[in-house]
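The structure is shown first.

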Amino acid sequence: MNKPNTAIWLVITTLFAVVLSTFTLSHIVTHPWHEVPELGADGGKNIFTYLYHVLYGKGIWFEGMNYPYGEHITYTDGQPLLSVPLSSLNKRLTMGDALTIMWWTIALSYVLSIIYCFKILLRFSVKPLAAMCFAGLITLLSPQVFRISGHYALSLMCVLPMLFYFTLQYNQSGRYKYLIFIFFTALPATFMHPYYAAVSLVWGGLYSAGYLITHKNTWRKKLWHTAPLLLSLVAVFAIFGIYMKVSDPFINRPVTPYGILANCTTLKDVVISTSSPIWAFIGTHIAPGEIADGGDGRSYIGLTAIITLLVVLGIIVRNRFA
């Protein structure tokens, strides 16, 4: 597809993304100034920390909990990338303004996600109309959509598609400018929520492992390709770590009594889910009590995706060693 047609389809896809995101998110986009989906549990706490800091706080120290000491805004899920800059305008912003900025930021991430999924599919020679439709479906059917009910900082849908797209561009061109794009995608996202740094590094590690296994270049060339990518993502970790070390005055913070891995996703959570009719049947009729709900650690990717992944891995191994 030539460049003029690509530009036209990109404009069409952008309009499609805006309309689809507005329709899907509905009142979150059209009436964001009074939308609070959850008043209890994590949702209530996370909306409180963000709003309190925007309206009454200043800088990186949150004084709405742990009286009289306060807490670092990062540990409160207070969306520091938004709440810290906005806190300098707290005399001029209302609660409705703060909610509008948060929800429209999330809505914008949906639009960007659709656009970048569209661009990824085009790179794999999918026809533009099909790419546009599937980009919308990929975004709106992602399990990450559920984060919008309480884990607002984790609702930014565009982070992974952008990382994937820039990595794809780096894979195909080898140009280091895409590593800069990856870095400046992961770094701001990390200052919205630290989990994005971990997700970015996991993606970079999996890509690097796959590249080392599947490509037939010399090991020197393969390492020369993967090492800069990993370095750009490790740099995100390093910058954030230095920032936390310098800005957090507390030492010897208490740890969770059940251990840091108590609520982590396990392999079982990836391949088993009580939300799947198939696994629910197995848990009811074949293996009662064995199919447990993953809770916060649930990360089920679906049987279709699992089977597809196994088939693709089988093809890669066959082609690699045939």
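**Core and packing summary**

I106 touches I148, Y152, S155 and L156, leaving aside residues up to four places away in sequence; contact here means heavy atoms within 4.5 Å. The model is predicted, so local features need pLDDT of at least 70 and side-chain atom pairs count only at pLDDT 80 or more, while totals for chains, interfaces and linings use all residues. Residues are numbered from 1 along each chain as its sequence is written, and side-chain values use heavy atoms, with hydrogens and water left out.

**Nonpolar cores**

- The largest nonpolar core has 51 residues, of which Y50, W103 and I106 touch the most other members.
- A nonpolar core is a set of buried Ala, Val, Leu, Ile, Met, Phe, Trp, Tyr and Cys residues joined through side-chain atoms within 4.5 Å; buried means under 20% relative accessible area, exposed over 50% and partly exposed in between, with a 1.4 Å probe and protein chains only.
- At least two residues of this core come from each of helix 2 (27–30), helix 3 (41–56), helix 4 (80–87), helix 5 (95–123), helix 7, helix 8 (177–190), helix 9 and helix 10 (219–247).
- Helices are DSSP runs (H or I, at least four residues), numbered from the N terminus.
- Helix 5 gives the most to this core, with 9 residues.
- Another core, of 12 residues, lies apart from it, and its members include A17, I115, L121 and M132.

**Helix 7 against helix 9**

- Helix 7 (residues 159–173) packs on helix 9 (residues 195–214) at an angle of about 30 degrees, with the axes 11 Å apart.
- Axes are lines fitted to C-alpha atoms, for helices over the stretch in contact, and angles run from 0 to 180 degrees between N-to-C directions.
- Helix 7 and helix 9 are therefore roughly parallel to each other (angles under 35 degrees).
- On the helix 7 side, V159, L160, L163, F164, T167 and N171 take part, and they meet Y196, V199, S200, W203, Y207 and Y211 of helix 9.
- By class, the contact of helix 7 with helix 9 has 9 nonpolar, 3 polar and no charged residues; Ala, Val, Leu, Ile, Met, Phe, Trp, Tyr, Cys and Pro count as nonpolar, Asp, Glu, Lys and Arg as charged, and the others, Gly among them, as polar.

**Single residues**

- T13 lies in helix 1 (residues 3–25) and is buried, with a relative accessible area of 0%.
- T13 touches I114, I115, F118 and M132, not counting residues up to four places away in sequence.
- F281, in helix 12 (residues 277–286), is partly exposed, with a relative accessible area of 45%.
- The C-alpha atoms of F281 and I291 are separated by 9.7 Å, with the two residues 10 residues apart along the chain.

Technical notes
Angles under 35 degrees count as roughly parallel, over 145 as roughly antiparallel, 65 to 115 as roughly perpendicular and the rest as oblique.
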